[in-house]
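Please look through the model below with these notes beside it. They are written as numbered points, to be read in order.

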Amino acid sequence: MEQELKTEATRKLITEKAFMQFYKNGFKATSVNEIMKATGLSKGAFYHNFKNKDELGVLVVKAELNSRIYEAMISPLFTKGEAKTILKRTFLTKFQAFTSDEKLMGCPVNNLINEIGGSQNLLNEALKELIDTWVKAVVEIIERGHEDGSIKPETNPQQAAIYLVSSFEGMRGIRKLYNDDTNWNAYRAALENYIDQL
């Protein structure tokens with residue numbers, strides 16, 4: 001039992017440090033040595049827990065990125081209340097909460113998609129699963145909006161969900177190019193307006 005807890009703690013530490021390294025430096029540019037240096041553990045500890053960096057990358061997506069997206073963008077959609085208000089609050093609250101560093105570094109999910117998207121591997125599949133889960137949650141809140149009358153019946157839930165998720169992620173990527181919030185604030189106003197018109 002004690003060994004299991006130690007192994008789990010080691011895997012968690014490696015995963016957390018790997019997330020930060022991938023976020024700062026990119027997945028491909030980050031070596032196993034750099035990750036293990038950040039943990040203070042030996043390289044042997046890495047290979048005792050993971051076959052390779054790709055396997056670790058899948059766990060980073062499933063543990064770190066999934067929990068971040070779920071906590072910020074999915075879980076709030078399942079609260080009680082008028083659907084459109086919840087949808088608007090979820091997207092705008094998170095958008096306004098990004099720090100200056102997060103704006104400059106972009107979205108870790110989007111960064112990883114841009115770096116490795118399109119490759120046929122488990123890491124790519126894990127990213128697709130994450131995005132699909134997010135889109136599905138937005139579809140569900142829009143369907144709730146049809147039921148409670150806060151969202152127009154002609155609004156296509158799948159199309160609106162894809163648009164909201166992709167534009168949100170796209171703006172996170174675009175913001176990395178600029179030193180000010182001019183475009184960021186323009187998008188925020190457009191996002192609010194779009195949701196109001198659903």
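1. Domain 1 covers residues 1–50 and domain 2 covers residues 54–197, with bounds that come from an automatic or database domain assignment. Their C-alpha centres lie 27 Å apart.

2. Please keep in mind that this is a predicted model, in which local features need pLDDT of at least 70 and side-chain atom pairs count only at pLDDT 80 or more, while totals for chains, interfaces and linings use all residues. Residues are numbered from 1 along each chain as its sequence is written, and side-chain values use heavy atoms, with hydrogens and water left out.

3. The chain holds ten helices and zero strands, these being DSSP runs numbered from the N terminus (helices are H or I, at least four residues; strands are E, at least two). Its C-alpha atoms fill a box of roughly 55 × 45 × 30 Å, taken along the principal axes. Of the 198 residues, 42% count as buried, which is to say under 20% relative accessible area, with exposed meaning over 50% and partly exposed lying in between (1.4 Å probe, protein chains only). Among contacts between residues at least 6 apart in sequence, 67% join residues at least 24 apart.

4. Which residues touch the most other members of the largest nonpolar core? In this core of 56 residues they are L56, L87, F91, W134, V138 and F168; a nonpolar core is a set of buried Ala, Val, Leu, Ile, Met, Phe, Trp, Tyr and Cys residues joined through side-chain atoms within 4.5 Å. Helix α8 (residues 122–148) gives the largest share of the core, eleven residues. Both domain 1 (1–50) and domain 2 (54–197) contribute residues, so the core lies between them. As for L87, once residues up to four places away in sequence are set aside, it touches L77, V138, I141, I142, L164, I195 and L198.

5. Helix α10 (residues 182–197) has 16 residues and reaches 23 Å from its first C-alpha to its last, close to the 22 Å expected at 1.5 Å a residue, the expected span being 1.5 Å times one less than the number of residues. Its residues W184, Y187, L191 and I195 are buried. Seen down the axis of α10, the buried residues fall within an arc of 70 degrees, so they line one face of the helix; the arc is that of the directions from the helix axis to the C-beta atoms. These buried residues pack against α5 (83–97), α6 (100–105) and α9 (157–175).

6. Is I35 buried or exposed? I35, found in helix α2 (residues 32–39), is buried, with a relative accessible area of 0%. Leaving aside neighbours within four places in sequence, I35 is in contact with I14, K17, A18, Q21, F22, T30 and L56.

7. The UniProt record, an unreviewed entry, places "domain: HTH tetR-type" at residues 8–68, and such annotations may be inferred rather than shown by experiment, with positions in the numbering used here and feature names shortened. In the model, the end C-alpha atoms of residues 8–68 lie 20 Å apart, and the span is 80% helix and 0% strand. UniProt also lists residues 31–50 under "DNA-binding region" (unreviewed entry); the end C-alpha atoms of residues 31–50 lie 14 Å apart, and that span is 75% helix and 0% strand.

Conventions
Contact means heavy atoms within 4.5 Å.
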